[in-house]
Amino acid sequence: MSEHSTIVGVATGTPDGGVAVVRLSGPRAGAIAGAVIEGRLPPPRTLALRPLVSLEQALVVVMPGPRSFTGEDVVELHVHAGALNVAQVVDAVLGAGAVAAAPGEFTRRAFDNRRLSLDQAEGIAAVIGAQTQAALDQARRLVAGELGREVEAVRDRVARLRIEIEANLDFPEDVDARDEARFVTTAAALGAEVERWLAGFERGRRARTRARVVIAGPPNAGKSALFNALLGRRRALVSARAGTTRDYVEAELSLGGRELILVDTAGLRASTDAIEVAGVELGREQIAGADVIVWVEGADQPVHAAAPEAELSGARGAAVIRVENKLDLGRRRPSWIGVRAAPADTEPVELSLLRDALAEAVALGGDQWIGLARHRDRAREAADALVEAHGQLRDGVGLELVALSLAVAERNLGEITGRTGLGPVGEEVLHAIFSRFCIGK
Ligand SMILES: Nc1nc2c(ncn2[C@@H]2O[C@H](COP(=O)(O)OP(=O)(O)O)[C@@H](O)[C@H]2O)c(=O)[nH]1
Ligand SMILES: [Mg+2]
């Protein structure tokens, strides 16, 4: 990747809307853009209409470095969208001396020029990929540098401790008992801080993803009716004929501030009908992948002593909410939540209790850490190194070893933001991050 090339890429996505943005970045961005437009380049940060040489026209904006996204000179040509049209504009720019940008190269240059830290660059990718409101919120906080500031603050404290300890290496006799005690407590506090992040990682991850809530139970319990009642619309087929639902049906639902995927499954029962058997099998797979299982039986159905434990043996740690439907026909399971899901033309009864139980089951609680998986891995290494440093200090092991452990913690924290004081982040790490971006980002 040449530092001095001028790159071009299409910054807008496909399928395209009305306008596409062809972006140039590099030392010759102005000269190259000047060669493909007629007339002069507009003054910096001013949008102006210019004819393109032998093509149509473009709105042109010049953003001189270093106060641009990449930190280099950037020019954007806003042209009409359309694959063929945009390809011809890009060809003209390439013909004037630009080179095609590699995936993520604009963002990579922004990082190299210190316009963004690594966690912020990952935040941009996360904003683009966000599918839930919580994922978008967390991604925006990454872009705003919230994670980076927190990590940098701890890394600074680790560095200060290491430097103080290193300063004492040549004169260990100058380290008195009070210094030693302070070193021990500082190392413990730093380790605890990183452990606190790690404890919140899973909550943050769960908040970003939709929880899967799977409705299961015997046929004819009113699972599909309950599914529709929770959604407030008819989505699944409800029928007096057992075995009506053969596939599973999914719908999105927002509850207690979380986005859920509600899944209606075929009733679990032995059957000789091949399609129904396949449906039951799909239902079991849904149970295995569930975060929460709503187990439904009808008040008109016999009570099984062992239900639903036997059927739910495939569930992996999912919360189970037991619901007795058809309240209008009586009550056989007094400790379960009672509801009446149908008939559809009447108000469903007591759904609020079920909604509350569901909201509680998917609640996240505690503080969530916005770090992504890579950040968690680096934080894990840092926490281990801090525990090591703490143990070494407590055991009175040589201070050289303590300084080494602290340096390991420091390097790992530095790799989260890409700003390490102990040498550059490896090219491999950078490549892995930026190659996941699309061309034009
Ligand atoms: N009386 C009464 N019937 C219900 C209730 N909920 C569902 N049903 C009926 O029970 C039958 C089976 O419902 P369905 O939702 O298809 O059950 P599923 O097989 O568990 O999906 C249908 O005839 C529904 O109208 C209810 O609360 N009360
Ligand atoms: Mg059904």
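Trainee: Which residues in helix 4 meet Glu415, Ile416 and Thr417 in helix 12?

Mentor: This is a predicted model. Contact here means heavy atoms within 4.5 Å. On the helix 12 side stand Glu415, Ile416 and Thr417. Their partners in helix 4 are Leu118, Asp119 and Glu122.

Trainee: How many charged residues are in the contact of helix 4 with helix 12?

Mentor: Sort that contact by class. Two residues are nonpolar and one is polar. The charged residues number three.

Trainee: Is helix 4 parallel or oblique to helix 12?

Mentor: Take helix 4 as residues 118-129 and helix 12 as residues 399-417. Their axes lie 5 Å apart, and the packing angle is about 40°. Angles under 35 degrees would count as roughly parallel, and roughly perpendicular starts at 65. Because of that angle, helix 4 is oblique to helix 12.

Trainee: Now the ligand. Which helix gives the most to the shell around ligand 1?

Mentor: There are 18 residues around ligand 1. Those that come nearest are Asn220, Lys223, Ser224, Ala225 and Asp328. One helix, spanning residues 223-231, gives three residues to the shell. That top contributor is helix 8.

Trainee: How far is an oxygen atom of ligand 1 from a polar backbone atom of Ala225?

Mentor: The cut-off for a polar contact is 3.5 Å between N or O atoms. A backbone N or O atom of Ala221 lies 3.2 Å from a ligand 1 oxygen. For Ala341, the backbone distance to a ligand 1 oxygen is 3.0 Å. For Ala225, the distance is 2.8 Å.

Trainee: What percentage of the accessible area of ligand 1 does the protein cover?

Mentor: Start with ligand 1 on its own. Its accessible area is then 580 Å². The protein covers 86%.

Trainee: Is the peptide bond from Gly65 to Pro66 cis or trans?

Mentor: Pro66 sits in the loop between strand 4 (57-63) and strand 5 (74-80). Most peptide bonds are trans. From Gly65 to Pro66, omega is near 0°, and the bond is cis.

Trainee: What is the phi of Arg114?

Mentor: Arg114 lies in the loop between helix 3 (105-112) and helix 4. Most residues other than glycine have a negative phi. Arg114 is not a glycine, yet its phi is positive, at about 60°.

Methods: Residues are numbered from 1 along each chain as its sequence is written. Chains are lettered from A and ligands numbered from 1 in the order in which they are written. This is a predicted model: local features need pLDDT of at least 70, side-chain atom pairs count only at pLDDT 80 or more; totals for chains, interfaces and linings use all residues. Side-chain values use heavy atoms; hydrogens and water are left out. A residue is near a molecule or strand if one of its heavy atoms lies within 4 Å of it. A polar contact is a pair of N or O atoms within 3.5 Å; within protein, one must be able to donate a hydrogen and the other to accept it, and residues adjacent in sequence count only if both atoms are side-chain atoms. Accessible areas come from the Shrake-Rupley method with a 1.4 Å probe; for residues, only the protein chains shown count as cover. Helices (H or I, at least four residues) and strands (E, at least two) are DSSP runs, numbered from the N terminus. Axes are lines fitted to C-alpha atoms, for helices over the stretch in contact, and angles run from 0 to 180 degrees between N-to-C directions. Angles under 35 degrees count as roughly parallel, over 145 as roughly antiparallel, 65 to 115 as roughly perpendicular and the rest as oblique. Ala, Val, Leu, Ile, Met, Phe, Trp, Tyr, Cys and Pro count as nonpolar, Asp, Glu, Lys and Arg as charged, and the others, Gly among them, as polar.
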